[in-house]
Amino acid sequence: MEIHQKVISLIAWLVCGVYVLAALGFPLVYVETGSTAVVTTFGAVTGYLENGLHLVIPFAQEVHHIPTRLLTVTTQTSAPTIDLQEVEAKVSFQFSLVPAAAGGVFELIGDVSDVERVILDPGLQEELKAVTAKYQLDELLGQRDKVSHETREALETWVLNALRARGLDKVINVGSLQLSNLAYSQVFQDAVARKSEAQNKVPEAENTSKGIIAQAEAEAAEIMRQADADALTIRVNAEQEAKAMQEKAAQLKEHPELPCYLLYKKWNGELPAVTDGSNPLPFYDEACRGAK
């Protein structure tokens, strides 16, 4: 009976204690896994709390829960390329805070949303533009993994420099980064379509060009054959004509009376209508002089 009364008394004291704690503003704080808690005393950072249940001074101390697990940030942004195109991209990257340095981060920068706004987002915008500006748009689309890796490394360097400028060391770890949903302007889409159309026409143009060249070569060959044939004909005719003239010359030499005979055969017997009376047939005498 006495033990039972003691138990009831203990429970009563516990209930009273809970009410007292409630009245004092719940000085018990629980820090869950994957986060840490920064404690401020009258506004000044005085320490941090690890996972578990902790007692804080009511009214004087305030607890700020800072997640230290790996967080993912996704943003939609645009960046230029070396060929002056504007590419729209969805960028997803991960980061985490070093638990032991959460107090310094909170004191000099703020909570996680402030870290994103002040450090990560400006760094991503700046470094992504610097990386994409080294690529043409078609290269950017074909080497997305390489561009993602370069952007992550550039962002990590940016974050480290930004932290050191604020008196902090490497208290933010940058995880993986991935570009996705790359899109480009309608002007570039039209240019790509024209390029593709031109490339498709190259074989056709080459075939047409080869056909024209083959036809021209065939026509040239035909002209050469015809020219060779004409030259051969001219040469043969000339040789034949020369041979005939040589034969005629030989005949005249052997038969000097032949011109007179040929003239006699062709003469119709009519005398010229007008003469000077000295010689009615001068041409006859001239042709037949050697034959007399």
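**Notebook: cavity, cores and a sheet**

I looked up the largest cavity and noted a volume of about 30 Å³. The model is predicted: local features need pLDDT of at least 70, side-chain atom pairs count only at pLDDT 80 or more, and totals for chains, interfaces and linings use all residues. Residues are numbered from 1 along each chain as its sequence is written, and side-chain values use heavy atoms, with hydrogens and water left out.

**Cavity.** My search of the whole structure returned 1 cavity of 30 Å³ or more. A cavity here is a set of points, on a 1 Å grid over the protein atoms alone, where a 1.4 Å probe fits but cannot get out; lining residues have an atom within 4 Å of a point. Grid points are joined across faces, edges and corners, and the volume is the space filled by probe spheres set on the points. I listed the lining of the largest cavity as Ala79, Val87, Ala89, Leu128, Thr132, Leu140, Leu179 and Leu182. E7, H3 and E8 are the elements that give two or more residues to this lining. Helices (H or I, at least four residues) and strands (E, at least two) are DSSP runs, numbered from the N terminus.

**Cores.** I next examined the largest nonpolar core, which has 38 residues. Such a core joins buried Ala, Val, Leu, Ile, Met, Phe, Trp, Tyr and Cys residues through side-chain atoms within 4.5 Å; buried means under 20% relative accessible area (1.4 Å probe, protein chains only). Phe93, Phe95, Leu120, Val159 and Ile172 have the most contacts inside this core. Its largest share, 7 residues, comes from H3. I recorded that Leu120 touches Phe93, Phe95, Val115, Leu155, Val159 and Ile172, not counting residues up to four places away in sequence; contact means heavy atoms within 4.5 Å. Apart from this core lies another, of 7 residues, among them Val29, Val31, Leu49 and Val56.

**Val131.** I located Val131 in helix H3. Val131 counts as buried because its relative accessibility is 5%. Beyond residues up to four places away in sequence, Val131 touches Val147, Glu150 and Thr151. Val131 and Ser148 lie 17 residues apart in sequence and 9.1 Å apart in space, C-alpha to C-alpha.

**Sheet.** I traced an open sheet of 3 strands in the order E3-E2-E5, with antiparallel pairing. Two strands pair if DSSP finds at least two bridges between them. Strands E3 (44-49) and E5 (61-67) are the edges, each pairing on one side only. Strand E2 (residues 35-41) pairs with E5 over 7 bridges, and I noted Gln61 in E5 as the bridge partner of Thr41.

Terms used: Buried < 20%, exposed > 50% of the residue type's maximum accessible area, 1.4 Å probe, protein only. 1 Å grid on protein atoms, 1.4 Å probe; cavity = no way out; pocket = protein on both sides within 12 Å on 5 of 7 lines; lining within 4 Å.
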